[in-house]
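Colleague: I'm new to this one. Can you walk me through it?

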Amino acid sequence: MATFERNDSANGAPAAARYAHIVGWGMALPETAMSNDELSTFVETDDEWIFARTGIRQRYIAHEGESTATLAYRAAQQALEVADILPTELDLIVVATSTAENIFPSTASLVQDWLNAHDAGAFDLSAACSGFVYALNMAADSIRAGSITSALVIGAETMSRILDWQDRSTCILFGDGAGAVVLKASAAPGGVLASVLRSDGAGGDLLAIPSVGSIDAAASRAGGNGNKLYKMTMAGGEVFRFATRVVSESIEQASARAGIAVSDIDLVVPHQANLRILQAAARKLGIDIKKFMSNLEKYGNTSAASIPIALCEAIEAKRIQDDDHIALVGFGGGLTWACMIIRWGLPIPRKPQSSLLNRQRRHVQYRIAKWRSRSRRWRRRVNRRVQSMRD
Ligand code: COA
C-alpha cells in the first residue's frame, strides 16, 4: 500500500486523505530491578502493603551510566528496527518526559543527534503521565495535516532521580524506563482516529515536581514551607479519585469522537499507576478488566513511558490484531489527562529481503552520528580559536 512522500500536500494539488499509523515500537529498561522487599530495607513498608494497594512487585532503577536519553535512544533504535526505516527519514522526534536530561537542550535533541536523524525537528513535551498520548496526538495531527510524513514519539523517564526516597507514599510507586513508536503517513484508512486532551491546572498542586523557576521552590530556599526542588510531592488519595473519574470519562468521550461504542474497544492500554485505578475504571465503563493491559507488577509507574511500554508488550504478546480498536489513556500531573482511539493495522507490508540491508544501513548511521557530532563540536572549537586569534 502506498505511503506518502514528504510534503506531498505542498505542491498545490488537492491533498489526498492521510492517516497516521503506528509502524514501529520499542522499549528499554534499566539493567537493575528493585523488588518491594529491597525497598523495605530502607523505607518503612512491605511487599504485602505495596502489592495489595497498587499491584506493584518491583520497578527498574537506572544506574549512573543510564539516563532518560540513553533509555529513550535504546527504545527508539528498536522502534526504527520494527518500522524498518532509516533515522534520516524521520521528520520529527518528540520525547514526552518529566525527567528531561536538561531544561535545554531537549532530550529529543540528544536522541536526534545520537540517531543521526539530521532532517528531524526535535523537542520535549511536558504533560506528566499523559505526555505520551499528548505527543502522539500532536505528531499524528502533523502527519494528517501534511506537514510531516514520519515521526518518532518517545515516552522516557528516570523517575528514580526525582523521588524523595524517604517518602514511602511516593517512592514505592515509580520506576524508570522508555517506550517509543514510529508514526507514518499512509493512504490506508485507520491508525489514529480521535483524541481527547484535557487539563485542570487548579489541581496542579496535587502532584508536582518544582523546578528552577518555581515560586514553591523559591519559598523552600528562603526557609519557608515550600516543596523541595526537583522532588515529587503527591496527594495520593485525591489523585486516586481524579484518576478513576477521568479514565472512564475520557474513554467515553474519545470513543464518541471516533464514532465507536465503548464496547467496540478491544484493548485499553492505560497509564500504569495503580491496578485499583484500572479496576475502578473498568467497573465504571462496564467492560471486563481483562481488556485492560497491565504490567504494573513488573515496572511500577514509569510516568510518560508506561503507555508505550505497555503497548509494546501488548503487541509482542499478540494481544492486538489488525482492525482492533485500541484506547490509549493517560492521566497525571497538571492535572492532565488524555485518551486516543487507534484502529490497528500495519499499512505497509513487510519486506524481509530489504530488512537486513536496512539494518546494516541503520548501524552505519549510528556510527556516523557519533563522528558527525564529534566533528561538529571540534569544528566549532577550531572556529572559536581562529576567531579569538583574529580579535
Ligand atoms: N507502606 C506501608 N504503609 C503505608 C505506605 C507504605 N508505602 N504508604 C502509606 N502507608 C500507610 C499510611 O501512613 C496510612 O497509615 P495510617 O492509616 O496509620 O495513617 C495507611 O497506610 C493508609 O494510607 P493511605 O494514603 O490512605 O493509603 P491509600 O490506600 O490511599 O494508598 C496510594 C496510597 C499512594 C497507594 C494511593 O493513594 C494511590 O495509589 N494514589 C494514586 C497515586 C498515583 O497513582 N499517582 C500517580 C498518578 S500519575
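Modeller: One term before we start: buried means under 20% relative accessible area. By that rule, tyrosine 73 and tyrosine 366 are both buried. Keep in mind that this is a predicted model.

Colleague: What about tyrosine 73, what is its relative accessibility?

Modeller: Tyrosine 73 is at 16%, so it counts as buried.

Colleague: And tryptophan 114, buried or partly exposed?

Modeller: Tryptophan 114 is partly exposed, because its relative accessibility is 30%.

Colleague: How many aromatic pairs are there?

Modeller: The count is 6. One of them joins tyrosine 73 and tryptophan 114, edge-to-face, with 5.6 Å centre to centre and 75° between the planes. Tyrosine 73 sits in helix H3 and tryptophan 114 in helix H4, so this pair ties together parts 41 residues apart in sequence.

Colleague: Which way do the rings of tyrosine 73 and tyrosine 366 pair?

Modeller: That pair is edge-to-face, because the planes are at 75°, with the centres 6.2 Å apart. It links distant parts of the chain: tyrosine 73 is in helix H3, tyrosine 366 in helix H12, 293 residues apart. Tyr73, Trp114 and Tyr366 form one aromatic cluster.

Colleague: Back to H4. Which of its residues are buried?

Modeller: H4 covers residues 107-115, and its buried residues include Thr107, Ala108, Val111 and Leu115. Gln112 and Asp113 are buried there too.

Colleague: What follows H4?

Modeller: Asparagine 116 does, with a positive phi near 65°.

Colleague: New topic, the ligand. How many residues surround the ligand?

Modeller: There are 23, and the closest are Thr45, Arg53, Arg168, Gly236 and Asn274. By class, the shell has 10 nonpolar, 9 polar and 4 charged residues.

Colleague: Which helix gives the most to that shell?

Modeller: H8, with 4 residues. H2, H6, H9 and strand E12 are among the elements that each supply at least two.

Colleague: Which side chains have an N or O atom by a ligand oxygen?

Modeller: Arginine 168 has one at 2.9 Å from an oxygen atom of the ligand. For tryptophan 49 the distance is 3.4 Å. For arginine 276 it is 3.4 Å. The protein covers 70% of the 960 Å² of accessible area that the ligand has on its own.

Colleague: Last one. Where does arginine 57 lie?

Modeller: Arginine 57 lies over the face of phenylalanine 51, 3.6 Å from the ring centre. Arginine 374 lies over the face of tryptophan 371, at 5.2 Å from the ring centre.

Notes:
Residues are numbered from 1 along each chain as its sequence is written. This is a predicted model: local features need pLDDT of at least 70, side-chain atom pairs count only at pLDDT 80 or more; totals for chains, interfaces and linings use all residues. Side-chain values use heavy atoms; hydrogens and water are left out. A residue is near a molecule or strand if one of its heavy atoms lies within 4 Å of it. A polar contact is a pair of N or O atoms within 3.5 Å; within protein, one must be able to donate a hydrogen and the other to accept it, and residues adjacent in sequence count only if both atoms are side-chain atoms. Accessible areas come from the Shrake-Rupley method with a 1.4 Å probe; for residues, only the protein chains shown count as cover. Ala, Val, Leu, Ile, Met, Phe, Trp, Tyr, Cys and Pro count as nonpolar, Asp, Glu, Lys and Arg as charged, and the others, Gly among them, as polar. Buried means under 20% relative accessible area, exposed over 50%, partly exposed in between (1.4 Å probe, protein chains only). Rings of Phe, Tyr and Trp (its six-membered ring) pair if their centres lie within 6.5 Å; planes under 30 degrees apart count as stacked, over 60 as edge-to-face and the rest as tilted. A charge sits over a ring if NZ of Lys or CZ of Arg is within 6 Å of the ring centre and within 35 degrees of the ring normal.
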